[in-house]
Amino acid sequence: MTKLTVRTEETADGRVASQDQTGRGDRAQDRGVETFRTHLRGALLQPGDGGYDDARTIHNGMIDRQPALILRCAGVQTWLTGVRFAREHDLLVSVRAGGHGMPGYAVCEGGLMLDLSGMKGVQVDPEQRTVRAEAGVTWSEFDHETQAFGLATTGGVVGSTGIAGLTLGGGHGFLMRCHG
Ligand SMILES: Cc1cc2nc3c(=O)[nH]c(=O)nc-3n(C[C@H](O)[C@H](O)[C@H](O)COP(=O)(O)OP(=O)(O)OC[C@H]3O[C@@H](n4cnc5c(N)ncnc54)[C@H](O)[C@@H]3O)c2cc1C
């Protein structure tokens, strides 16, 4: 597996991230990351970039991992490009949706974190009584859109949890006893 990790160093100014294996400081990797960046719709963040620390912060404040790259996906194409880049470079990958998973699997140490939390599309079909929602939607955002049509489905109790994690493993909510 390619080592795309973050090493930290003490300097006179305090603790800073060294970018020797993150793509900066290594010219070949630098070019690879810059080429990757040109194919994206969405920010690609590295340690030291504005927004990097916010993006790697999840609900469980004890999780303090540092991905080498964070891809804030604006849509499916960017997400696919990220998966292909990770495959080509044999990178460790993590996927972040609502960021409420307690073990913090959403954030990897080194590697590429695919941040889906900006993907907020929700399409309700009132006639079919169905809804299609993107992976970054939270439970309250989902409810907000379905309730406009008098629709609801089983999910979580706490509105800030992600529908992605609730769908994959969870779904204990107010309607569970009535509707499973
Ligand atoms: C404050 C709080 C309240 C909660 N309340 C409830 C509740 O009322 N009912 C209930 O059932 N559960 C509840 N939970 C548990 C919650 O449902 C799970 O922790 C859920 O996994 C969180 O999903 P997420 O998308 O927010 O988290 P994330 O951490 O972003 O994702 C959870 C896991 O799913 C993976 N994942 C996310 N998206 C994808 C994807 N598109 N493809 C593949 N893998 C993906 C992540 O890598 C991670 O391993 C609560 C948790 C918290 C912290």
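Student: How many bridges join β3 to β4, and do these strands run parallel or antiparallel?

Tutor: This is a predicted model, and in it two bridges join β3 to β4, which run antiparallel. Two strands pair if at least two bridges are found between them, so β3 and β4 count as paired. Leu45, for instance, has Ile70 in β4 as its bridge partner.

Student: What makes β4 and β6 a pair, and in which sense do they run?

Tutor: Four bridges join β4 to β6, against a requirement of at least two. The two strands run parallel. Ile70 has Met113 in β6 as its bridge partner, and Arg72 is bridged to Asp115 in β6.

Student: What is the pairing of the sheet called, and in what order do the four strands lie?

Tutor: The pairing is mixed, and the four strands form an open sheet in the order β3-β4-β6-β5.

Student: Why are β3 and β5 called edge strands?

Tutor: Each of β3 and β5 pairs on one side only.

Student: Which residues touch the most other members of the largest nonpolar core?

Tutor: The core has 33 residues, and those that touch the most other members are Leu71, Leu112, Leu114, Leu116 and Ile163. The elements that give two or more residues to this core are α1 (27-38), β3 (44-45), β4 (69-72), α3 (76-88), β6 (112-115), α4 (139-147) and α5. At least three residues of the core come from each of domain 1 (7-115) and domain 2 (122-179).

Student: Which residues does Leu114 touch, leaving aside those up to four places away in sequence?

Tutor: Leu114 touches Leu71, Cys73, Trp79, Gly82, Val93, Val95 and Arg96. The cut-off for such a contact is 7 Å between C-beta atoms.

Student: Why is Val83 called partly exposed?

Tutor: Val83, which is found in helix α3, has 15 other C-beta atoms within 10 Å. A residue is buried at 20 or more and exposed at 12 or fewer, so the value for Val83 puts this residue in between, as partly exposed. Val83 and Leu112 are 29 residues apart in sequence and 8.9 Å apart in space, C-alpha to C-alpha.

Student: Is Phe174 buried or exposed, and how do you know?

Tutor: Phe174 has 12 other C-beta atoms within 10 Å. The limit for exposed is 12 or fewer, and therefore Phe174 is exposed. Phe174 lies in the loop between α5 and α6 (176-179). Its C-alpha atom is 6.3 Å from that of Val157, and the two residues are 17 apart in sequence.

Student: What is noted about the phi of Asp90?

Tutor: The phi of Asp90 is near 55 degrees, a positive value in a residue other than glycine. Most residues other than glycine have a negative phi.

Student: Where is Arg129 placed, and why does Arg129 count as exposed?

Tutor: Arg129 is in the loop between β7 and β8. With 12 C-beta neighbours inside 10 Å, Arg129 meets the limit of 12 or fewer, so Arg129 counts as exposed. Its phi is positive, about 55 degrees, although Arg129 is not a glycine. The hairpin of β7 and β8 has four residues between the strands.

Student: What makes β7 and β8 a pair?

Tutor: Strand β7 (residues 122-125) and strand β8 (residues 130-133) share four bridges in the antiparallel sense, where at least two are required. Gln123 has Arg132 in β8 as its bridge partner.

Student: Which residues are the closest to the ligand, and how does the shell divide by kind?

Tutor: Of the 28 residues that surround the ligand, the closest are Gly98, Gly101, Gly162, Gly165 and Gly170. The shell divides into 12 nonpolar, 15 polar and one charged. Its largest share, four residues, comes from α5. Domain 1 (7-115) and domain 2 (122-179) each supply at least three residues of the shell.

Definitions and conventions:
Residues are numbered from 1 along each chain as its sequence is written. This is a predicted model: local features need pLDDT of at least 70, side-chain atom pairs count only at pLDDT 80 or more; totals for chains, interfaces and linings use all residues. A residue is near a molecule or strand if its C-beta atom, placed from the backbone, lies within 6 Å of it. Ala, Val, Leu, Ile, Met, Phe, Trp, Tyr, Cys and Pro count as nonpolar, Asp, Glu, Lys and Arg as charged, and the others, Gly among them, as polar. Domain bounds come from an automatic or database domain assignment. A nonpolar core is a set of buried Ala, Val, Leu, Ile, Met, Phe, Trp, Tyr and Cys residues joined through C-beta atoms within 7 Å. Two residues are in contact if their C-beta atoms, placed from the backbone, lie within 7 Å.
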